[in-house]
Amino acid sequence: MDVRITVETNSETGEKRTEELLHLSLADQCHSHLGLRLEQAKALLVQLQGSILRHQMEEISAASRTCSCCGRTRPVHDYRTRVLDTLFGRFRLRVLRRRKCSCRLGEGDALSPFAQVLRDRATPELRMLQAELGARHSFREAARILETFLPCARQHNTTVRNRLGIVAKDITDAKPPVSETSSSNPLTVFIDGAHVRCRPEYQKRHLDVVVGKIETHDMCRRFGLAPQAATSSSNQLRRDLDALGWDGRRPVTVISDGEAALPNLIRGATKGKVRHILDWWHISMRVQHVQNAIKGLVQRKDFPGTTALLMTPVETLRWNLWHGKIQVAATHLQWMIVDCARLVKFETAFRDQAQKALARCHDLYSYLANNLGSLVDYGRRYRRGLPISTSRAEGCVDDIANARMSKRRRMRWSPRGAHNVAVTRAAVLDRRLSVSNHRIAA
């Protein structure tokens, strides 16, 4: 079977053109290969893209020569060759440069109607796809995927990386759209930190990447940044808050694991007070460590004391913290610290286990004392359906940092590279950056 594919274009002036694109002979194909093969489809897309681009360039060039003020035809300065990268191939285009009309500036200088279109030498769709694949896979793998399925020019990992950086800067600088969310609804920020391996020239082992999620009753938004590379972490977080309708008066609640720098980032973004809540999961884990250490101590057969004196405070410790009885829990901890210190001092046989239990009690007591203003009645919040843990932030750590930059991936990152990938990957996961939506929705 012979197939001839032609394209017909009709310009705004009424000019009609017909051009034969490709001639395919499908007689030698077996029945197991019905339709077009991948290579044939790639060749067809290249021819079609080239034909459409040439016709578009000619039409734009002809229209740009007419002066919008006096209607006279502006003279041509020269023609130059420009290279344009698209999803369907790399093309060398003959671009017109014309002079400005003398009725506007007296003497004309060379201007090109394609200066804005060909500024980056790549179409927006190609940049978006390179950024999205670069955020999901390694840069080399993203380049390989593009070359496998599309008739684009040969892709390089450095090109994918550089264009991802351009898209990340556009995302960071984009003005957030006006949100229609009611200003009375509170905002909850779940924030956590992750560590990625650093490149050796920066003389440090790890880089800090801050990730998290902002939620309202009907909207959510992920964010990621590297504070060492971000131009302004506060401004970036402020834009993320503005995108969900924050107006400066709306209450903001931050839930974190107790790291002081994390809620301070949100305070810098809001330039005001925020309500900080200590993550319940981290409290519960420290309580569990105390319980395990005390149980290992009192379950010994030769324990020299009354078991209930240590076990009763331990068993009620979690209940008191869950119901916001902080002073009672602190008093019980102090009792256990005194009892364990006495065993360390006077009982040689129990010294190792008593020292371990004492260290666990001191760790929990210091943790609660340092975050005293962030402790709440967790039971009441839970019954009201309000969040009490950073589980959403932990999910963002896995989705943004670990899945792309850490864990089993043998990569080392610069601060700027880690920041660009974190920003772009958060946008990809939120579907704010996709091939079907070229406009970057902030």
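A residue counts as partly exposed when its relative accessible area falls between the buried limit, under 20%, and the exposed limit, over 50%. Keep that in mind as we tour this predicted model.

**Stop one: D399.** Select D399, which you will find in helix 13. Its relative accessible area is 33%, so D399 is partly exposed. Leaving aside residues up to four places away in sequence, D399 touches R425 and L429.

**Stop two: helix 3.** Next, select residues 124-136, which form helix 3. From first C-alpha to last, this 13-residue helix reaches 18 Å, close to the 18 Å expected at 1.5 Å a residue. Is helix 3 mostly covered or mostly open? Mostly covered: 10 of its 13 residues are buried. Among them are R127, E132 and G134. To see what covers the buried residues, show strand 3 (76-86), helix 4 (139-149), helix 5 (157-173), helix 13 (391-405) and helix 14 (415-429), which are included in that cover. Helix 13 is also where D399 lies.

**Stop three: helices 10 and 11.** Finally, select residues 326-346 for helix 10 and 351-370 for helix 11. Their axes come within 9 Å and cross at roughly 155°. Helix 10 is therefore roughly antiparallel to helix 11, and the crossing is left-handed. Show side chains to view the contact, including L333, I337 and V344 of helix 10 and A354, L358 and Y365 of helix 11. The residues of this contact divide into 15 nonpolar, 3 polar and 2 charged.

How values were computed:
Residues are numbered from 1 along each chain as its sequence is written. This is a predicted model: local features need pLDDT of at least 70, side-chain atom pairs count only at pLDDT 80 or more; totals for chains, interfaces and linings use all residues. Side-chain values use heavy atoms; hydrogens and water are left out. Axes are lines fitted to C-alpha atoms, for helices over the stretch in contact, and angles run from 0 to 180 degrees between N-to-C directions. Helices (H or I, at least four residues) and strands (E, at least two) are DSSP runs, numbered from the N terminus. Angles under 35 degrees count as roughly parallel, over 145 as roughly antiparallel, 65 to 115 as roughly perpendicular and the rest as oblique. A crossing is left-handed if the near helix is turned anticlockwise from the far one by less than a right angle, and right-handed if clockwise. Contact means heavy atoms within 4.5 Å. Ala, Val, Leu, Ile, Met, Phe, Trp, Tyr, Cys and Pro count as nonpolar, Asp, Glu, Lys and Arg as charged, and the others, Gly among them, as polar. The expected span of a helix is 1.5 Å times one less than its number of residues. Buried means under 20% relative accessible area, exposed over 50%, partly exposed in between (1.4 Å probe, protein chains only).
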